[in-house]
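Please open the structure in your viewer and keep the sequence beside it. This tour begins with the whole chain and then turns to one of its parts.

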Amino acid sequence: PGMQCLAGQERDAVELYSNFTAAWQIFGWLPEVFGLDLSRVSQEDPGYNLRPEHLESTFMLWSLTGQPVYRSLGERFQKTIEMANR
């Protein structure tokens, strides 16, 4: 979604971001590979779950739209990363 923001594709960025955010909220992190219906994580998931690009996309969407929801989500994701990786 971050690259879509830079390309001016706001609607597409918001939609893709929403999908990734839904996965993060369901699984507690953003897995590399997950089912399209968000019911499972792939057995082959390598386990690197920091996903800095999702936080970067959050910042870019907040900068592009000014919507406070992205700032709130960014704070939540940062707290999740801090709690899970200490």
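How many positive and negative side chains does the protein have, and how far apart do the centres of the two sets lie? There are 7 positive and 11 negative side chains, with the two centres 7 Å apart, where Lys and Arg count as positive, Asp and Glu as negative, and His and the chain ends are not counted; each charge is placed at NZ of Lys, CZ of Arg, CG of Asp or CD of Glu.

This is a predicted model, in which local features need pLDDT of at least 70 and side-chain atom pairs count only at pLDDT 80 or more, while totals for chains, interfaces and linings use all residues. Residues are numbered from 1 along each chain as its sequence is written, and side-chain values use heavy atoms, leaving out hydrogens and water.

Now colour by secondary structure: the protein contains 4 helices and 0 strands (DSSP runs of H or I with at least four residues for helices, of E with at least two for strands, numbered from the N terminus).

Next, select residues 52-65, which form helix H3, 14 residues reaching 20 Å from first C-alpha to last. Within H3, show the side chains of His54, Leu55, Ser57, Thr58, Met60 and Leu61, which are its buried residues (under 20% relative accessible area, 1.4 Å probe, protein chains only).

Notes:
The expected span of a helix is 1.5 Å times one less than its number of residues. Buried means under 20% relative accessible area, exposed over 50%, partly exposed in between (1.4 Å probe, protein chains only).
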